[in-house]
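Dear colleague,

Please find below the structure that I am handing over to you. My findings follow directly after it.

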Amino acid sequence: MTNDRRLRPVDLARLAGVSPQQIRNYEDAGVLPPAARTASGYRVFGEVHRGALLAYRTLMRGYGPVAADIMRTLHTGDVPGALALVDAAHAALHEERVSLRAASEALELLAAEPPAPLPSSGGLRIGEVAVLLGVRTSALRVWEGAGLLTPGRERGTGYRSYAPADVRDARLVHTLRRSHYLFDQIRPVLEGLRREGGSAALRAAVASRGKALTARTRIMIEGAGALHAYLDACSDGLTAARTETGSTADAPEPDSAAR
């Protein structure tokens, strides 16, 4: 990619559908490589800036705010650092997918194990819940200490009182622990169940989130491809852009949006 063609902020703005001021902001933030300047202070952009703008706008769709960090790091000359940010974004997406898979598997485990009826419709004490689930009371206390269970307390005595929803959560934790799930994998399942109000709603939310992750993965792949193309094409152009910064070339035709 050469840097021969001279472009004004308004030219790049039209290309991206943003304002000329936004193009100036992109350069100031390092999203675009440094622009050359005429003697009168006009910015002079080139094809390398056009490539950077297209790469950034494509990256931003999948990577969000990280896209600016990627481009900024790249334009300081730290290509490995920029690629490390790409790796980190993909790793975070993978963790979301693993968590979602755990939630889906947990729901299937729950569906395969119908809940036992409660001894009463009121609150249960910790010993009663332990007997109901076939666990030690110490296990329930550990789960509570890990933030997985939040039973209420009886007035006056201060004893734990497990409402039906608390018993449901304890049963879920017990089921998943027997399947070797870690606390950090169980916590988002419980949070989702409480937020959605039931396993059917959570199952629908999990399916919807899965589709969203798949769509985002495709967009991120597109962004990574745009970044690769920019890197492959612009190494000489980036050098030229940095060399020309501060140039005193003749000013382009006056334009109120050119600076």
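The buried residues of α1 pack against α2 (20–29), β2 (43–44) and α3 (47–63), where contact means heavy atoms within 4.5 Å. Helices (H or I, at least four residues) and strands (E, at least two) are DSSP runs, numbered from the N terminus. In α1, which spans residues 9–16, the buried positions are Pro9, Val10, Leu12, Ala13 and Ala16; buried means under 20% relative accessible area with a 1.4 Å probe, protein chains only. These residues cover an arc of only 160° around the axis, which puts them on the same side of α1; the arc is that of the directions from the helix axis to the C-beta atoms. Gly17 follows α1 and has a positive phi, near 75°.

Please note that this is a predicted model, in which local features need pLDDT of at least 70 and side-chain atom pairs count only at pLDDT 80 or more, while totals for chains, interfaces and linings use all residues. Residues are numbered from 1 along each chain as its sequence is written, and side-chain values use heavy atoms, with hydrogens and water left out.

Helix α6 (residues 126–133) buries Ile126, Val129, Ala130 and Leu133. Seen down the axis of α6, these residues fall within an arc of 100°, so they line one face of the helix. Their cover includes α7 (137–145), β4 (160–161) and α8 (164–178). After α6 comes Gly134, with a positive phi near 75°.

The chain as a whole contains 10 helices and four strands, in the order α-α-β-β-α-α-α-α-α-β-β-α-α-α. Of its 259 residues, 38% count as buried. Among contacts with a separation of 6 or more, 67% join residues 24 or more positions apart.

Finally, the largest pocket holds about 260 Å³ of space. A pocket is an open set of points on a 1 Å grid over the protein atoms alone, where a 1.4 Å probe fits, with protein on both sides within 12 Å along at least five of seven lines; lining residues have an atom within 4 Å of a point. The volume is the space filled by probe spheres set on the points, which are joined across faces, edges and corners. Of the 14 lining residues, Leu100, Ala103, Pro188, Arg195 and Arg209 are the closest to the centre of the pocket. The elements giving two or more residues to this lining are α5 (79–111), α9 (183–196) and α10 (199–244).

Yours sincerely

Definitions and conventions: Buried < 20%, exposed > 50% of the residue type's maximum accessible area, 1.4 Å probe, protein only.
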